[in-house]
Amino acid sequence: MTDTETPPLATIFGEFVKNEDEEYDVEELAEPWHRYRIKEDPKTTDDQYVLYPIRLGEVLNERYLVEHKLGFGGGSTVWMALDLRDNKNVALKVMMSPGEWCENEIRIQDEIIKNVQDTSHLVIYTAAFFLLRNNGSQQRVLVYPLTGPCIDPPTLEKIPMATRMSAARQLLESIASLHQAGIIHRDLNERNCMWGMTSLNGLITSAKYEALGRPLKQTIPFVDLWKQGELVCPVKVPRDLCTEEFYLGDFGLSKKITDPTTQHGHPPIQYCSPDRLHKQGPSFACDMWSYMIVFSMLYLTFTPFSSGHTGGIITGMVECLGPLPEQWKGLYPKGIDSWYDQSRASNPKHDLASRIARFRPDIDPVERQHVQSIMSKVFTYSPEKRPSATELLRDPSFRAIMGSDTRQLLSMFLEVSLVGEYGNNPPLAIQVNKWLPNATLLVLRSMQKFLHEGPCLPMIRRPPGHKVRVQTLGQVTNKQQHTLGILAQLLWELK
């Protein structure tokens, strides 16, 4: 090939496997190749359970250039693509042929767009189109804003606690918005909760690969496909490209509380509430149980219930919380009688207090009590006793936990410290060691997000007769001086 020739498409977009080790990596990380097979499988004669073959460098709908793989699920593959018309990066969810699950996701997202007041942290489709198969059947593609990776438990310890608690709060606010519109998510788990991602708009493909890594790929094997397709390892977004924004997506199992029927399915068992596992109907309370599992993952970096017992995760629940309601006996397949034995108690070595102490030995007793308080309120077997999302947002212990980490978050950006205490003489003051870019915006956003759902300025009060004094080690503008005065009051309120 001469210098003036265009490189082959296959070499521009990604890297083909070169040895058995790389083939094994693709096999482990990509969707199974047989998901593209139609022949010899009676379930796939109508294409309902067959994935659509995609290759890197392909342009879909004469508009979307496929550049990387984001992931896959039970009924779809998800790709990073460049919108050639708007010159921005998007995510494409290529779904299996229209069916109950696919149509439900579209219906619920349309309902969200119409009735949910705040969708800023919900991943909602912005466009849709169809791809045609060789037999004339259609497969729907949903276009989404590009977000970052989902929760990755092994890497959580590297993320500041303030960032994780900000994510927990944003997620709870999103759930509250859904519930206020009468929508149950029904599938809250780590894979449906995503970090934000720094924009890659304006970068050429090679620059994106420098930031994200070149995708490893191989041609889909063992299947006589009607068009070219590739198995591609999903992208691993570096942590430094993730933002502190946090999003909730995937509404395939969601329903309105008034819907007469319920889509079959539930979250992964470690996120599913015990009442749902015992054939009780879905409710907002089921989401709250799943939310608290996600919260525990963010706070403890572990789920609260061990699955290493005989009987799995449900035995872990019983060890931690005590026996299940006796009236549930017989409703769970292969249930163990001891789960419903009302004479047993929780195991002190595995209860909430011991789990919190084990996984977070660094926290002080007051914070430990706050965490145990909110977990105990949500991890109750009676759905009607669990607090709603709105109630939990207003819970004093929840706000105390958020406030504790707000101080850490602000100090990371501002390097501030309080000077003085409430009393007869000393003024409330703040000493500023460094003013960093975007600090004013951070302060105002922190006030709005952490203090109250409504207007937060009335919540900021200083003691009668006391003035806010600002001490700095350098010059600040009048606007910064005013913002620091507000920050001093904010920090005291949180203290």
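## Helix packing and salt bridges in a predicted model

Met-161, Arg-164, Met-165, Ala-167, Ala-168, Arg-169, Leu-171, Leu-172, Ile-175 and His-179 belong to α4, and they meet a set of residues in α7: Phe-284, Asp-287, Met-288, Tyr-291, Val-294, Phe-295, Leu-298 and Tyr-299. Sorted by class, this contact of α4 with α7 has 14 nonpolar residues, one polar residue and three charged ones. The model is predicted.

How do α4 and α7 pack, and at what angle? Helix α4 covers residues 161-180, and α4 and α7 pack at an angle of about 170°. Their axes are 10 Å apart. An angle over 145 degrees counts as roughly antiparallel. So α4 and α7 are roughly antiparallel to each other.

**The chain as a whole**

The protein chain has 495 residues, and 51% of them count as buried. It has 14 helices and 16 strands. Take the contacts between residues at least 6 apart in sequence: 69% of these join residues at least 24 apart.

How confident is the predictor? The mean pLDDT of the protein chain is 82. A share of 76% of its residues reach 70 or more. Residues 1-7 have pLDDT below 50, and this stretch has four contacts in the model beyond near neighbours in sequence. Another stretch, residues 405-476, has pLDDT under 50 as well. For residues 405-476 the model has 148 contacts beyond four places in sequence. Where pLDDT is low, the predicted coordinates should not be read in detail.

Pro-154 sits in the loop between β7 (138-145) and α4. Is Pro-154 buried or exposed? Pro-154 is exposed, and its relative accessible area is 67%. Along the chain, Pro-154 and Thr-301 are 147 residues apart, yet 8.0 Å separates their C-alpha atoms.

Thr-303 is found in the loop between α7 and α8. Its relative accessible area is 19%. The cut-off for buried is under 20%, so Thr-303 is buried. Which residues does Thr-303 contact, leaving aside its neighbours within four places in sequence? Thr-303 is in contact with Ile-293, Met-297 and Arg-355.

Next comes helix α8, residues 313-321. Helix α8 is mostly covered, with eight of its nine residues buried. The buried residues are Ile-313, Ile-314, Thr-315, Gly-316, Met-317, Val-318, Glu-319 and Cys-320. What covers the buried residues of α8? The cover includes α6, α7 (284-300) and α9 (352-359). After α8 comes Gly-322, with a positive phi near 105°.

Side chains of opposite charge can pair when their charged atoms come close. This structure holds 19 salt bridges.

| Salt bridge | N to O distance |
|---|---|
| Arg-85 and Asp-86 | 3.3 Å |
| Asp-259 and Arg-107 | 2.9 Å |
| Lys-329 and Asp-337 | 3.8 Å |

Asp-259 and Arg-107 meet through their side chains in a salt bridge. Arg-107 counts as partly exposed, at 36%.

Arg-85 and Asp-86 also pair through their side chains. Arg-85 is exposed, with a relative accessible area of 60%. Asp-86 counts as partly exposed, at 37% relative accessibility. Which residues form a network of salt bridges with Arg-85 and Asp-86? Arg-63 and Asp-83 are linked with them in that network.

The side chains of Lys-329 and Asp-337 form another salt bridge. Lys-329 has a relative accessible area of 45% and is partly exposed. Asp-337 has 52%. Exposed means over 50%, so Asp-337 is exposed.

Methods: Residues are numbered from 1 along each chain as its sequence is written. This is a predicted model: local features need pLDDT of at least 70, side-chain atom pairs count only at pLDDT 80 or more; totals for chains, interfaces and linings use all residues. Side-chain values use heavy atoms; hydrogens and water are left out. A salt bridge is a side-chain nitrogen of Lys or Arg within 4 Å of a carboxyl oxygen of Asp or Glu. Buried means under 20% relative accessible area, exposed over 50%, partly exposed in between (1.4 Å probe, protein chains only). Helices (H or I, at least four residues) and strands (E, at least two) are DSSP runs, numbered from the N terminus. Contact means heavy atoms within 4.5 Å. Axes are lines fitted to C-alpha atoms, for helices over the stretch in contact, and angles run from 0 to 180 degrees between N-to-C directions. Angles under 35 degrees count as roughly parallel, over 145 as roughly antiparallel, 65 to 115 as roughly perpendicular and the rest as oblique. Ala, Val, Leu, Ile, Met, Phe, Trp, Tyr, Cys and Pro count as nonpolar, Asp, Glu, Lys and Arg as charged, and the others, Gly among them, as polar. pLDDT is the predictor's confidence in each residue, from 0 to 100.
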